[in-house]
Amino acid sequence: MNTYRLEVAGLTRELPICPLNEKIDIAAFIMFSDVELTVAASEALLKKVPEFDVILTAESKGIPLGYEMSRQSGKKYIVARKSVKLYMTNPVSVEVKSITTAAVQTLYLSEEDAAELKGKRVLIADDVISTGESLNSLIALVEKVGGIVAGKAAVLAEGDAADRDDIVFLEKLPLLFK
């Protein structure tokens with residue numbers, strides 16, 4: 001299998017190269033099960049982000065990062081869910097179309113989680129920012145519930161996202177054109 005060598009937060013990883021379409025491959029960055037990387041990336045990101053009150057991430061790949069940034073900072077984290085759960089009362093929702101997902105998805109917050117964001121400085125955290133569609137959906141959720149986006153952070157900025165000046169990230173991840 002072809003791989004891409006990534007150096008991030010003082011660690012080196014070999015990422016599998018996966019076809020996105022007939023013209024582009026991507027290096028698949030998966031934080032699940034990589035505790036060492038999650039801890040190191042969270043520590044490095046927390047040194048770079050602005051002041052915040054609460055962390056918001058999207059289900060599911062952002063969860064390890066959101067959890068670890070929460071643990072290290074002592075600030076609460078909230079997960080925008082991909083489906084309505086039984087415990088959710090009066091869910092708030094927005095739609096998202098991500099580069100790594102085949103169909104349009106909807107992100108949901110329970111009324112209780114929405115209340116946790118209202119009037120708070122919210123740090124949006126994710127593993128990778130690429131097209132920015134998932135990020136835009138999280139921003140829309142924060143604004144919809146009356147929160148204030150304090151910052152947008154990711155471990156990696158993929159493709160053109162690395163040229164953005166409105167996000168904090170640790171390393172660039174190139175798109176691999178065929």
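How close do the axes of helix H1 and H2 come, and at what angle do they cross? The axes of H1 (residues 35–46) and H2 come within 9 Å and cross at roughly 60°. The axes here are lines fitted to C-alpha atoms, for helices over the stretch in contact, with angles running from 0 to 180 degrees between N-to-C directions. Helices (H or I, at least four residues) and strands (E, at least two) are DSSP runs, numbered from the N terminus.

Before going on, please keep in mind that this is a predicted model, in which local features need pLDDT of at least 70 and side-chain atom pairs count only at pLDDT 80 or more, while totals for chains, interfaces and linings use all residues. Residues are numbered from 1 along each chain as its sequence is written, and side-chain values use heavy atoms, with hydrogens and water left out.

Back to the helix pair. H1 passes H2 in a right-handed crossing; a crossing is right-handed if the near helix is turned clockwise from the far one by less than a right angle, and left-handed if anticlockwise. On the H1 side, Thr38, Val39, Ser42, Glu43, Leu45 and Leu46 meet Pro64, Leu65, Glu68, Met69, Gln72 and Ser73 of H2, where contact means heavy atoms within 4.5 Å. Sorted by class, this contact has six nonpolar, four polar and two charged residues (Ala, Val, Leu, Ile, Met, Phe, Trp, Tyr, Cys and Pro count as nonpolar, Asp, Glu, Lys and Arg as charged, and the others, Gly among them, as polar).

Now for the charged side chains. The structure holds twelve salt bridges, each a side-chain nitrogen of Lys or Arg within 4 Å of a carboxyl oxygen of Asp or Glu. One of them joins aspartate 127 to lysine 61, with the closest N and O atoms 3.5 Å apart. This pair links distant parts of the chain, 66 residues apart: aspartate 127 sits in strand E8 (residues 121–129) and lysine 61 in the loop between strand E4 (54–58) and helix H2 (63–73). Aspartate 127 is buried at a relative accessible area of 4%, whereas lysine 61 is partly exposed at 30%; buried means under 20% relative accessible area, exposed over 50%, and partly exposed in between (1.4 Å probe, protein chains only).

Lysine 152 and aspartate 166 form another salt bridge, at 3.0 Å between the closest N and O atoms. Lysine 152 lies in strand E9 (residues 148–158) and aspartate 166 in the loop between E9 and strand E10 (168–173). Here lysine 152 is buried, at 16%, and aspartate 166 is partly exposed, at 31%. Salt bridges that share partners also join Arg13, Asp34 and Glu36 into one network. Elsewhere, glutamate 14 meets arginine 5 at 2.9 Å, N to O; glutamate 14 is partly exposed at 40%, and arginine 5 is exposed at 54%.

Finally, a look at the backbone. Alanine 9, in the loop between strand E1 (3–8) and strand E2 (11–19), has a positive phi near 55° without being a glycine. Asparagine 90 is not a glycine either, and has a positive phi of about 45°; asparagine 90 lies in the loop between strand E5 (76–80) and strand E6 (92–96).
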